[in-house]
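This report goes through a protein model from its overall make-up to individual residues.

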Amino acid sequence: MTNLPNPTETQETYARRLEKDGEREYTIRKALRDHFDLAIEDVIAICGDLPTARNREIRNLRTRFPDLNENRFAWKISKTLTIPKEDALTWSQTILAAEGQG
């Protein structure tokens, strides 16, 4: 990854900057792991406070997997973002309802 953290940036500040720059959650997670050598639990916690990056990630998943039904899409979200299935199901239902499929 070429977008290196500034020497004065904390992990959280770096993640927020990447989110502001238009990155998806997956990219931010990878950057945090690469540059700060964080445990996955710490990465998940930091990314939990990045709603725009999460939204981008979920919309990217929907673009890549447009034919998944509500439950399969929720499973894909849950596995990709390491979030509880219940939370992923809420995202899935919301997106499918907006598409007129809910």
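## Basis of the description

Helices (H or I, at least four residues) and strands (E, at least two) are DSSP runs, numbered from the N terminus. By that definition, W75 is placed in helix 5.

This is a predicted model, in which local features need pLDDT of at least 70, side-chain atom pairs count only at pLDDT 80 or more, and totals for chains, interfaces and linings use all residues. Residues are numbered from 1 along each chain as its sequence is written, and side-chain values use heavy atoms, with hydrogens and water left out.

## Overall make-up

The protein has 6 helices and 0 strands, and its pattern along the sequence reads α-α-α-α-α-α. The C-alpha trace spans about 45 × 25 × 20 Å along its principal axes.

Burial is judged by relative accessible area: buried means under 20%, exposed over 50%, and partly exposed in between (1.4 Å probe, protein chains only). Of the 102 residues of the protein, 32% count as buried. Contact means heavy atoms within 4.5 Å. Among the contacts with a separation of 6 or more, 44% come from residues 24 or more positions apart.

Helix 4 covers residues 51-64, and L61 is found in it. L61 counts as buried because its relative accessibility is 1%. Not counting residues up to four places away in sequence, L61 touches F73, K76, I77 and T80. For the pair L61 and F73, the separation is 12 residues in sequence and 8.4 Å in space, C-alpha to C-alpha.

E57 is also found in helix 4. With a relative accessibility of 2%, E57 counts as buried. Its contacts, leaving aside neighbours within four places in sequence, are R24, E25, Y26, T80 and L81.

## Helix 4 against helix 6

Two packed helices are described by the angle between their axes and the distance between the axes. Here the axes are lines fitted to C-alpha atoms, for helices over the stretch in contact, and angles run from 0 to 180 degrees between N-to-C directions. Helix 4 and helix 6 (residues 85-98) pack at an angle of about 65°, and their axes are 12 Å apart.

On the helix 4 side, R54, N55, I58, R59 and R62 take part, and they meet W91, I95 and L96 in helix 6. The residues of this contact divide into 4 nonpolar, 1 polar and 3 charged. In this grouping Ala, Val, Leu, Ile, Met, Phe, Trp, Tyr, Cys and Pro count as nonpolar, Asp, Glu, Lys and Arg as charged, and the others, Gly among them, as polar.

## Charges over rings

A charge sits over a ring if NZ of Lys or CZ of Arg is within 6 Å of the ring centre and within 35 degrees of the ring normal. The charged end of R62 meets this rule over the ring of F73, at 5.1 Å from its centre. R72 lies over the face of W75, 5.2 Å from the ring centre.

Is W75 buried, exposed or partly exposed? W75 is partly exposed, with a relative accessible area of 37%. Between W75 and Q93, which are 18 residues apart along the chain, the C-alpha atoms are separated by 12 Å.

## R29 in helix 2

R29 is found in helix 2. At 8% relative accessibility, R29 counts as buried. Its contacts beyond four places in sequence are V43, I44, C47, R54, T80, L81 and T82. R29 and L81 are 52 residues apart along the chain, and their C-alpha atoms are separated by 9.5 Å.

## Loop residues with positive phi

Which residue lies in the loop between helix 2 (25-36) and helix 3 (40-47)? D37 is found there. Phi of D37 is near 50°, a positive value in a residue other than glycine. D37 counts as exposed, at 68% relative accessibility.

T82 is in the loop between helix 5 (70-81) and helix 6. Although T82 is not a glycine, its phi is positive, at about 55°. T82 is partly exposed, since its relative accessible area is 46%.
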